[in-house]
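Please open the model in your viewer and keep the selection panel at hand. The tour begins at the ligand and then moves to the backbone.

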Amino acid sequence: MLINLIKCHGSGNDFLLIDEMEHDYGLTEESRERLARLLCDRSNELGADGILNILPSKRGDARMRVFNSDGSEASMCGNGLRCAGRYVCEKLGSQEAVIETMKADLNVKKEEDILEGIPTYRVEISPVSFKLADLPMMLGQDTLIQGKVAELSEELEFTALAVPNPHLAAIVDKKNLDSELQKKLSEAVNGPNKLFPDGVNVSFIRLLGKNRIFVRTFERGVGFTNACGTAMSASSLVTCLTAGNEFDESIEVYNPGGMVQCVVHQSGESYTVDLIGNATYVYQAEVDADLTAAAFSVKDKQNFNEQENYNKLREKAQAFLSS
Ligand SMILES: N[C@@H](CCC[C@H](N)C(=O)O)C(=O)O
């Protein structure tokens with residue numbers, strides 16, 4: 001089958017965006033999973049953290065489905081939503097749109113460029129739940145907010161939350177960030193295990209100053225990524241609740257792929273986060289995929305020439321982190 005796609009990224013968390021509104025590729029549930037495993041494999045020409053399928057929606061302007069590189073489907077993707085949001089807004093010739101996702105219809109809005117020449121979008125991250133049943137996490141208690149979990153670490157304190165995909169976050173020092181601990185425990189909770197039967201995205205957070213954090217995430221279904229939008233949103237919320245960062249203020253969130261801004265809102269006991277950052281197109285391509293043979297070839301590839309501007313943001317973020 002011939003498929004047109006756009007390689008895009010948010011903070012270096014990269015995706016292959018496939019428009020199933022414009023073209024009916026006749027994809028089935030099984031073929032979407034297989035396509036994700038085939039095209040996202042980093043040993044081939046495309047390679048990506050996941051696929052964003054854009055579909056018609058009865059409730060919003062479009063529907064986004066997200067498939068991790070291992071073929072599993074995620075309920076949400078923050079960096080992906082910025083890319084999908086840009087795609088839908090530009091298609092509609094509009095500054096904002098509503099995108100249907102697995103568990104919520106979410107607002108996306110074009111924003112002032114985060115740095116000159118970098119298309120920037122604000123997306124809503126919601127609903128947020130601290131109920132362990134919503135991840136799910138099997139701990140024999142209702143919530144886990146800055147608590148120890150003997151099976152994971154004797155030293156670290158963890159917070160578990162669904163935004164609505166599942167996240168486990170810990171505020172760590174440099175020693176733990178530089179150690180193998182995150183890899184070791186992420187692999188444990190994403191393999192066969194009793195705590196997280198569906199796996200979980202695991203983030204280590206470093207506090208860098210008031211309203212400024214660094215977040216590195218091991219993503220369920222992928223592994224370490226340059227950034228995870230829902231994780232950065234969840235981590236910002238965790239630091240507002242437990243480390244003195246401020247609600248309704250912009251929090252700078254650095255990550256291995258660059259930087260975004262998060263604004264955490266509280267209304268009683270409910271929370272939403274605005275995630276603001278780049279939505280960069282790298283290239284568009286036509287791909288001839290044979291799912292039976294698990295093979296594909298790239299027929300046509302055209303660069304968007306946007307990556308150079310994005311590199312300036314990444315270099316700026318890296319310079320800040322090493323200062
Ligand atoms: N990269 C995403 C999250 C993608 C889904 C995640 N791996 C999961 O399985 O929950 C983001 O930017 O939020």
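A polar contact here is a pair of N or O atoms within 3.5 Å; within protein, one must be able to donate a hydrogen and the other to accept it, and residues adjacent in sequence count only if both atoms are side-chain atoms. This is a predicted model, in which local features need pLDDT of at least 70 and side-chain atom pairs count only at pLDDT 80 or more, while totals for chains, interfaces and linings use all residues. Residues are numbered from 1 along each chain as its sequence is written, and side-chain values use heavy atoms, with hydrogens and water left out.

Select the ligand and N68 to begin: a polar side-chain atom of N68 lies 2.9 Å from a ligand oxygen atom.

Now turn to the backbone and select S11, whose phi is near 55 degrees, a positive value in a residue other than glycine. S11 lies in the loop between strand 1 (2–10) and strand 2 (13–19), strands being DSSP runs (E, at least two residues) numbered from the N terminus.

Finally, select S126 and P127, which are joined by a cis peptide bond with omega near 0 degrees, and then L135 and P136, where the peptide bond is also cis, with omega about -5 degrees.

Note on methods
Helix = DSSP H or I, 4+ residues; strand = E, 2+ residues; numbered from the N terminus.
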